[in-house]
Amino acid sequence: MSRAELSLAPGAPGGVKAAPMPDEIDPTIARVVHLRGPASKGELLDRLARGLAFPTWFGRNWDALEELLRSPVPPDDRAIVLVWHDPDRLPSPDRELAEAVFEAVAEARARTGSRPLHVRIQPRSAPQKEPAMTEHTKRVPEAIRRLGKVHHVALIVRSIDGALALWRDQLGLELETVMDIPQDRVRIAFLGVGESKIELVEPTDDTTGVARFLASKGEGFHHVCFEVENLAETLLRLEIDGLELIDTAPRRGAEGPVAFLHPRSGHGVLIELIEAPGGPAWSALGFDASP
């Protein structure tokens, strides 16, 4: 991401260009704010104030917005990425003023050598009824299509000991580990199969979501986990693409840094992402960072 890059330019509807995102997004140099269809000037300014943590003196006016986008308080030299969903909901006069502010700020940041201001337009999608699976596939973000191997498939079981009679003893999978995860109130086991694994998950507390899942749906498939090279970067790309995240930042998992995507963004499937060994989140979360 070039420090002199100017991502707002004429030529797109309303004068704001849909800025292309770089292939590699580093959250340490970019702040991302989703503007989800604000219908008034007040809504737009409030969402910007919350998303960019403006100081309490922010007066909810265009001049103050321009000042804080040019020179953040407290100082922050990261780029700003505004993902503007359904901009046509905003009345035309306010939209034109907002675009003028964004363009002025982008030009000012470019002149001073600051990291850029990006505005990405996300027009409202036409409503669809039961789209075909091929259409679902087309809408899967590129970041998902570039995921690495399947790290594991997780199954909810009433008893790990009982389930091992099938997966280990009868099907011959190698048992790698059995451990308790106190913070999640579950007991888990991993069994190797090729380059991937089967995870068995047994609830140890009947008040947890896993226990409720078992009570309502019975034993069976719970989630699929994909391995990625850089988890924080992948989460940022997915959020920009509009996916709903359960975890917006990596957290500690049994075998490395993990995060979950909401089933509403996975067509009913809970998706877990785990960072490949030695990735940047490993040392940050206190894991052994050696591959």
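I first looked up Asp 161 and Arg 187, whose side chains meet in a salt bridge at 3.8 Å, N to O; a salt bridge here is a side-chain nitrogen of Lys or Arg within 4 Å of a carboxyl oxygen of Asp or Glu. Asp 161 lies in helix α6 (residues 160-170) and Arg 187 in strand β6 (residues 186-193), so the pair ties together parts that are 26 residues apart in sequence. Helices (H or I, at least four residues) and strands (E, at least two) are DSSP runs, numbered from the N terminus.

I note that this is a predicted model, in which local features need pLDDT of at least 70 and side-chain atom pairs count only at pLDDT 80 or more, while totals for chains, interfaces and linings use all residues. Residues are numbered from 1 along each chain as its sequence is written, and side-chain values use heavy atoms, with hydrogens and water left out.

I then checked accessibility, where buried means under 20% relative accessible area, exposed over 50%, and partly exposed in between (1.4 Å probe, protein chains only). Asp 161 is exposed at 52%, and Arg 187 is partly exposed at 21%.

I next examined Arg 185 and Asp 205, which form a salt bridge with their closest N and O atoms 3.3 Å apart. This pair links distant parts of the chain, with Arg 185 in the loop between β5 (174-181) and β6, and Asp 205 in the loop between β7 (196-203) and α7 (209-217), 20 residues apart. Both are partly exposed, Arg 185 at 38% and Asp 205 at 22%.

I also looked up Asp 77 and Arg 115, whose side chains form a salt bridge at 3.9 Å, N to O. Asp 77 is exposed at 51% relative accessibility, whereas Arg 115 is buried at 17%.

I recorded a count of 18 salt bridges.

Ala 53 follows α1 and has a positive phi, near 55°.
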